[in-house]
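Let's walk through this one together, starting with its charged pairs and ending at a helix.

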Amino acid sequence: MVACLTFTAQTLADRDQTENWTLNLYFENDLFTQTDLGYTNGGRASWVSPDLNDYINDPALPDWLKSVNKGLAFFNKVRDGQKRNVIFSIGHNLFTPEDFTREDLIEDDRPYAGWLFTSFSYQTRNEDQLDTLEASFGVVGPAAIGQQVQDVIHDARGVPRFEGWENQLQNEFGFIFLWEHKRKISHEYNSETRFGFDLIGHTGIAIGNVRTYLNGGGEFRLGWAIPDDFGTSALRPGGDNSTPDAVWDPRAKGWAKWGIHAFISFDSRLVGRNIFLDGNSFEDSHSVQKKLLVTDGAVGLSFIYGGFKISYAQIFRSKEFMLQPQSHSYGSLAFSYTFR
């Protein structure tokens, strides 16, 4: 008889605690779709802690961080059956209009902009739910070195530089505070063939002068040795969740040495503010009239071997502003390694 296990039948107490750090690297670019406009490039590196028993006393955390957490009442609530992680990230995003040859201000297209940021996240999870609290701080404008980064990329590829960076947004300190909740709606796994599927939903809210929105969406995964994490996210706030958490996850030194699965996902946002379309918060700058509802759809494939996980997704984004001639698409490549 074929045995079919459901994740809800297990408890975290039955699983091995992940004792190693995980490095996640993300690269997104529309070169995968042979375009060079809109959200044209993004990168992020994230350092994910081992599973923590709590945020106050766990020896995996540095003393200075434990001292900070002691002053935060939220983290003093320790509940049985939960695991916790902290995540530190640095990242960079680039946004450009379509016509790279024009040096003047293109009034009917989005502003030039760069966003250089660092993020700090707290995650708490059980078998079926994950909550993320994240704070991101950085700078928009020339200090974000958007022009320099794009020039290096274009020079390396041997393609022309964009000529209109003199019209980019002005320097502005930026911040985003975010909460996102993920829940496994349905999930099954066959213990003999390692084949299974899961369906993960998410809702969230972000507040800040860079981005303010309400969002919701989901992801469906189907394949062999699907990791018992909470999905394969694109480079977006609150997206890190690739922590090994099951005996069949190859990264957790489980009995499965490899895994492969396909996924399809979407995320819809009700947008209150987007500095990359609305322009600077406190000074006059170029802006366009944004759309209030924006949706991303993604299809992709993820492969795991040993401590490595590599994923690729093609992202399809609906129009973000009123005068945008067409929707946008770009590729998202994610590399993860859990030190063993």
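Keep in mind that this is a predicted model. Start with Glu320 and Arg110, whose side chains meet in a salt bridge with an N to O distance of 3.1 Å. This pair links distant parts of the chain: Glu320 sits in the loop between β12 (308-317) and β13 (328-338), while Arg110 belongs to the loop between β4 and β5, 210 residues apart. Both Glu320 and Arg110 are buried.

Next, take Lys184 and Asp228, a salt bridge in which the closest N and O atoms are 2.1 Å apart. Here strand β7 (residues 172-190) supplies Lys184, and the loop between β9 (211-224) and β10 (258-274) supplies Asp228, 44 residues apart. Both Lys184 and Asp228 are buried too.

Then there's Lys290 with Asp278, another salt bridge, at 3.2 Å from N to O. Lys290 is in the loop between α3 (275-278) and β11 (293-305) and Asp278 is in helix α3, so this pair ties together parts 12 residues apart in sequence. What about burial? Buried means under 20% relative accessible area, so Lys290 is buried at 15%, whereas Asp278, at 21%, counts as partly exposed. Elsewhere, salt bridges with shared partners join Asp198, Arg221, Asp229 and Lys309 into one network. The salt bridge count comes to 16.

Now for helix α1 (residues 63-70), where the buried residues are Leu65, Lys66 and Asn69. Looking down the axis of α1, you'd find these within an arc of 100°, so they line one face of the helix. They pack against β4 (83-96) and β5 (113-125). The face of α1 turned away from the buried side carries the exposed residues Asp63, Trp64 and Lys70.

Definitions and conventions
Residues are numbered from 1 along each chain as its sequence is written. This is a predicted model: local features need pLDDT of at least 70, side-chain atom pairs count only at pLDDT 80 or more; totals for chains, interfaces and linings use all residues. Side-chain values use heavy atoms; hydrogens and water are left out. Buried means under 20% relative accessible area, exposed over 50%, partly exposed in between (1.4 Å probe, protein chains only). Helices (H or I, at least four residues) and strands (E, at least two) are DSSP runs, numbered from the N terminus. The arc is that of the directions from the helix axis to the C-beta atoms. Contact means heavy atoms within 4.5 Å. A salt bridge is a side-chain nitrogen of Lys or Arg within 4 Å of a carboxyl oxygen of Asp or Glu.
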